[in-house]
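Visitor: I am new to this structure and would like to ask some questions about it. Please show it to me before we start.

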Amino acid sequence: MKRAAVLLTIGLLSGCDDMIVQSNAKLYDPEAGRVHPAEETVPWQDAPEAPPPLTLALIERGQQRFRIDCTPCHGELGDGQGMIVQRGFSPPPSYHIARLREASTRHFYDVITHGYGAMYSFADRVAPRDRWAIAAYIRALQRSQDVPTAELTAEQKQALK
Ligand code: HEC
């Protein structure tokens, strides 16, 4: 029950995407004024593929999933120096190269879904919503390695010296 209600709220909040509203609308029974009991356990897998609203919770979820599924190759910082790479697996590019900094968030989602070159697809392991969460976390990682010094506090600048 809880999970369906959450999905419904997400759908309504991001009302700009009709698809989301529609796909969740069927879960809502306006006469009964509640989420349809038959749909109580909506699996994560069925979450809409449009990007959910960017929230801290989403990024934290992405961090958690990234650490499980992606760091073995991409490394904690996304620099492509994960444990498996250090043992000889072909290294992925760093997320901090210009091309990937400029890539769309959707590109990360698509790479997780379909794989990319030597990297296999994670579609069967990472549900659509978690792909967005991971993509949002990669954006945060990129940002963390590329903060203009003008935006740093005096303390942070000192720490870099
Ligand atoms: C087993 C190692 C491995 C794992 C695990 C892995 N990747 Fe990769 N990834 C690679 C390799 C290798 C490449 C480079 C592929 C190529 O260019 O042929 C790559 C490339 C990428 C790229 C860059 C695509 C581009 O445009 O160049 C992204 C983004 C990416 N991976 C995201 C992820 C995410 C997100 C996860 C976790 C869900 C993940 N990867 C898990 C090995 C891995």
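Visitor: Which residue lies over the face of Phe 122?
Guide: A charge counts as sitting over a ring if NZ of Lys or CZ of Arg is within 6 Å of the ring centre and within 35 degrees of the ring normal. In this predicted model, side-chain atom pairs count only at pLDDT 80 or more, local features need pLDDT of at least 70, and totals for chains, interfaces and linings use all residues. Residues are numbered from 1 along each chain as its sequence is written, and side-chain values use heavy atoms, with hydrogens and water left out. At 4.7 Å from the ring centre of Phe 122 lies Arg 125.

Visitor: At what distance from the ring centre does Arg 106 lie over Tyr 109?
Guide: Tyr 109 is one of the buried residues of H7, where buried means under 20% relative accessible area, exposed over 50% and partly exposed in between (1.4 Å probe, protein chains only). Arg 106 lies over the face of the Tyr 109 ring, and its distance from the ring centre is 5.2 Å.

Visitor: Which residues coordinate the iron atom of the ligand?
Guide: Donors are N, O and S atoms within 2.8 Å of the metal (3.2 Å for Na, K and Ca); water is not among the atoms, so sites may look incomplete. At 2.0 to 2.1 Å, the iron atom is coordinated through NE2 and SD atoms, which belong to His 74 and Met 119.

Visitor: What is the arrangement of the six donor atoms around the iron?
Guide: Six donors count as octahedral if opposite donors are over 155 degrees apart and all others between 65 and 115. Around the iron atom of the ligand the angles run from 84 to 178°, so the arrangement is octahedral.

Visitor: Is His 74 buried or exposed, and what is its relative accessible area?
Guide: Met 119 has a relative accessible area of 25%, so it is partly exposed. His 74 is buried, and its relative accessible area is 10%.

Visitor: Which helices do the buried residues of H7 pack against?
Guide: Helices (H or I, at least four residues) and strands (E, at least two) are DSSP runs, numbered from the N terminus. The buried residues of H7 include Phe 108 and Ile 112. Their packing partners are helix H6 (98–102) and H8.

Visitor: What is the average pLDDT of the chain?
Guide: pLDDT is the predictor's confidence in each residue, from 0 to 100. Over residues 1–30 it stays under 50. At least 70 is the score of 70% of the residues, and the chain average is 78.

Definitions and conventions
Tetrahedral: all angles 85-135°; square planar, octahedral: opposite > 155°, others 65-115°. Contact = heavy atoms within 4.5 Å.
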